[in-house]
Amino acid sequence: MINNLIRGIASFIILVLLQVWVLNNIYLFRIASPLLYVYFILKLPLGISRCYIIFFSFLIGLVIDMFSNTPGMHAAACTFIGFLREPVLRFCVNRDLESLSTPSYSLFGLGGFFRYALILIAVHHILLYVLEAATFVSPLLLTVRVIVGIALTLFLVCTVELFEHKR
Amino acid sequence: MRKLIEFVLHKKHWLVFLLLEILSLFLVYQDNAYQKSVFLSSANAVAGRILSVSASVNSYFKLWDENKLLQEQNRLLQKQLLALRRQVGISDSVDFQGFMTDSIMPYFPYEFITAGVISNSVTRLSNYITIDKGREDGISPDMGVVSSNGIVGVVSLVSDNMSVVIPMLNPKLKLSCRVSRNTYFGTLVWEGKDETEAVLTELPKHAEFSIGDTIVTSGYSSIFPEGVCVGYIAGYEKSQEEAFYSLRVKLATDFSALNNVLVIKNYNQEEQLKIEEEAIGNDK
């Protein structure tokens, strides 16, 4: 339990720093940055109450907002996927899951984890970019941004997960 | 009653979700840049410190380019200095150092404060820049910010040691600009597509210009002095109904490689704003 807590706090700090120090400075194809910090929400252990999951998701979103001057946008998107996590988990993995284990390749299978990550990342990015675009209407550009963003983040998440899996 | 309480407790994640979501959306739509609290922006002390760590590492990688830029600037200034000396007619008396221009130069009410960029974005639809100087260094909201190539943006939020700048790459910034070789002016805005281009709208239809002309600030606002380089005309569109051109302007500043900036302090700003307000007030 304590172990899980420490790991949680450590991964929170590492992912936030990685996001604001490195990833926010990467603009691939000059249209989108990868948002690896979502990995924190994906990896929250199973079996914590949904309230906590929603709250932690909100928290990491708010911290990222603070660093990137987008008050509320990341927080709103993260809160939403924090809320959706449980239903998506049930949809992607049909069997009962052990409490306090974390979502991973070995637990869900490659396809299972990929689907789980894809759905949550897609919802997160769509929400984030739509909120950001509220003042503008350029549907084509918006779609391109969302798709490139999703692809980038998903690629990073799956790669990081691969290393976690090997360990 | 007990059933109701049980029901609420059972569904309490809905409550938490709705509460936090509403809070986030409230933050999003509390849109006015001037009302945003410093606490929730990168101008707050902790976020600023953390961001400046990566900025200081980054700045080492940019030293070479920065050096090149400074040399180039030096060359231009040297050239201008010589040209001016010639104009004043002292170019042949090289060792005469006692020339004082104070009495014939008009009063120049601007001062520059150098600052380093500690966080920057170009891919979002509303971009922001954080710089490492704040109130204690004499920076206040509504000051203009320029790079060595041209205009950058306007200071919006200031804390003790950091400030947040709204750059040209943000639709909130609307800048009054004119074509350099005549006095027709329009409003420069960014359309969120390309970080190297903005659009100059409301330029009258009878205005003369050609592709490649320089666009400079008009000096009508109290934020920028007149004649600061903004960019170059890259193309234009003429709409049938409207009596205006809209020009595509290639921005002079490369926002994706911004490292050091100058903040412009205008000593006359307060006076100008006050008298303008007074004039508007009298009109009513």
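How many bridges join S8(B) to strand S11 (residues 244-251) of chain B?

**Before starting**

This is a predicted model, in which local features need pLDDT of at least 70, side-chain atom pairs count only at pLDDT 80 or more, and totals for chains, interfaces and linings use all residues. Residues are numbered from 1 along each chain as its sequence is written, while chains are lettered from A and ligands numbered from 1 in the order in which they are written.

**Stop 1: chain B as a whole**

Select chain B, which has five helices and 12 strands. Helices (H or I, at least four residues) and strands (E, at least two) are DSSP runs, numbered from the N terminus. Of its 284 residues, 33% count as buried; a residue is buried if 20 or more other C-beta atoms, placed from the backbone, lie within 10 Å of its own.

**Stop 2: the two domains**

Next, colour domain 1 (45-91 + 104-170 + 260-267) and domain 2 (175-252) of chain B separately. These bounds come from an automatic or database domain assignment. The centres of the two domains, taken over C-alpha atoms, are 22 Å apart. Their contact takes 15 residues from domain 1 and 16 residues from domain 2, where two residues are in contact if their C-beta atoms, placed from the backbone, lie within 7 Å. On the domain 1 side, strand S3 (144-146), strand S4 (151-158) and strand S12 (260-266) of chain B each give two or more residues.

**Stop 3: the barrel**

Now select S6, S7, S8, S11, S10 and S9 of chain B, which in that order form a closed barrel of six strands with antiparallel pairing. Neighbouring strands of this sheet are turned by 40° against each other on average, direction ignored; the axes are lines fitted to C-alpha atoms. Two strands pair if DSSP finds at least two bridges between them.

Here the opening question is settled: S8(B) and S11(B) run antiparallel and are joined by six bridges. Display Glu197(B) to find its bridge partner in S11(B), Lys250(B). Strand S7 (residues 185-189) is joined to strand S8 (residues 197-204) of chain B by three bridges, also antiparallel, and Leu188(B) has Leu200(B) as its bridge partner. Strand S6 (residues 175-179) and strand S9 (residues 214-217) of chain B pair in the antiparallel sense over three bridges, with Arg178(B) opposite Val216(B).

**Stop 4: the contact between the chains**

Show both chains. Their contact takes 33 residues from chain A and 34 residues from chain B. On the side of chain A, helix H1 (2-21), helix H3 (50-68), helix H4 (73-92) and helix H6 (110-132) each give two or more residues. The largest share, nine residues, comes from H3(A).

**Stop 5: the nonpolar core**

Finally, select Val38(A), Val145(B), Val165(B), Met168(B), Val249(B) and Val261(B), which touch the most other members of the largest nonpolar core, a set of 91 residues. Such a core is a set of buried Ala, Val, Leu, Ile, Met, Phe, Trp, Tyr and Cys residues joined through C-beta atoms within 7 Å. In soluble globular proteins, nonpolar side chains tend to be buried together.

End at Met168(B). Leaving aside neighbours within four places in sequence, Met168(B) is in contact with Ile151(B), Val152(B), Gly153(B), Leu173(B), Leu175(B), Trp190(B), Ala198(B) and Leu251(B).

Key: Buried ≥ 20, exposed ≤ 12 C-beta atoms within 10 Å, placed from the backbone. Axes fitted to C-alpha atoms, helices over the stretch in contact; angles between N-to-C directions.
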